[in-house]
Amino acid sequence: MPSTLKALPAADQRRLMDIAREVSFPQGARLFEEGGHADRFWIIRTGTVALDLHVPGRRAAVIETLGHSQLIGWSWLFTPHVWHLGGEATAPVRAYEFDAVAVRAMCQENPLFGRHVAEWVGGIVAHRLHSTRTRLLDLYAPYGSGSTL
């Protein structure tokens with residue numbers, strides 16, 4: 001799964017890292033909430049972040065836990081730029097943060113860069129959707145009612 005920045009060509013990696021900002025979050029910090037405005041994304045340097053999904057009448061379901069070098073956030077790339085999941089630091093996190101408006105502008109200015117970013121993020125979206133489906137079947141479907149294909 002192409003979740004790391006290394007999935008991009010070296011020139012595109014450098015282009016993104018030129019605008020990166022180092023940030024940190026303590027354990028238990030909410031990085032974003034499902035339904036909120038997606039105006040940034042992160043690459044984890046250290047620590048872990050749990051992606052969760054609101055389930056009415058129940059606790060949020062943890063869909064996936066991300067760690068070193070993984071991308072947090074894809075909703076920033078697609079209109080209406082609203083988070084589809086929530087994210088919480090499950091261990092202290094150090095990360096590179098990227099301004100979504102700036103990256104989208106870079107994609108508009110350089111179509112090849114934009115295509116590379118879209119393919120990178122698209123692969124992550126496909127993986128996260130599969131993880132979400134699998135996790136929700138694990139949690140809520142009657143035993144043997146579904147398959148993960």
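## The loop between β6 and β7

His81 lies in the loop that connects β6 and β7. The model is a predicted one. In it, the phi angle of His81 is near 60°, a positive value in a residue that is not glycine. His81 has a relative accessibility of 15% and therefore counts as buried, the limit being under 20%.

The loop between β6 and β7 also holds Pro80. The peptide bond that joins Thr79 and Pro80 is cis, with omega at about 15°.

## Overall composition

Three helices and eight strands make up the secondary structure of the protein. Along the sequence they follow the pattern α-β-β-β-β-β-β-β-β-α-α.

The protein has 149 residues, and 41% of them count as buried. Its accessible surface comes to about 8000 Å², with 55% belonging to carbon and sulfur atoms. Among contacts between residues at least 6 apart in sequence, 76% join residues at least 24 apart.

Strand β4 (residues 49-53) is joined to strand β7 (residues 86-89) by four bridges in the antiparallel sense. In this pairing, Leu51 stands opposite Gly87 in β7, and Asp52 has Gly86 as its bridge partner in β7. Strands β4 and β5 also run antiparallel, and five bridges join them. Here Ala50 is placed opposite Thr65 in β5.

Strand β3 (residues 40-46) and strand β8 (residues 93-99) are antiparallel partners over six bridges. Thr46 stands opposite Arg94 in β8.

Phe25 belongs to strand β1 (residues 21-25). With a relative accessibility of 17%, Phe25 counts as buried. Leaving out residues up to four places away in sequence, Phe25 touches Leu31, Trp42, Ala89, Pro92, Val93 and Glu97. Phe25 and Glu88 are 63 residues apart in sequence, while their C-alpha atoms are 9.2 Å apart in space.

## Helix α2

Which residues of α2 are buried? They are Ala100, Val103, Met106 and Cys107. Seen down the axis of α2, these buried residues fall within an arc of 120°, so they line one face of the helix. Gln108 and Glu109 are exposed on the other side of α2.

## The nonpolar core

The largest nonpolar core contains 41 residues, and those with the most contacts inside it are Trp42, Trp76, Trp120 and Val121. Helix α3 (residues 111-140) contributes six residues, the largest share of this core.

Trp76 links several of the parts described above. Apart from its neighbours within four places in sequence, Trp76 is in contact with Ala38, Arg40, Phe41, His81, Ala100, Val103, Arg104, Val117 and Val121. Among these partners is His81, which is found in the loop between β6 and β7. The partners Ala100 and Val103 are among the buried residues of α2.

## The loop between β5 and β6

Ser69 is located in the loop between β5 and β6. The phi angle of Ser69 is near 70°, a positive value in a residue other than glycine. Ser69 counts as partly exposed, because its relative accessibility is 22%.

Conventions. Residues numbered from 1 in each chain as written. Predicted model: local features only at pLDDT ≥ 70, side-chain atom pairs only at ≥ 80, totals over all residues. Heavy atoms only, no water. Helix = DSSP H or I, 4+ residues; strand = E, 2+ residues; numbered from the N terminus. Buried < 20%, exposed > 50% of the residue type's maximum accessible area, 1.4 Å probe, protein only. Contact = heavy atoms within 4.5 Å. Areas by Shrake-Rupley, 256 points an atom, 1.4 Å probe, with all protein chains shown as cover. Core = buried A, V, L, I, M, F, W, Y, C linked by side-chain atoms within 4.5 Å. Pairing = 2+ DSSP bridges. Arc of directions from axis to C-beta.
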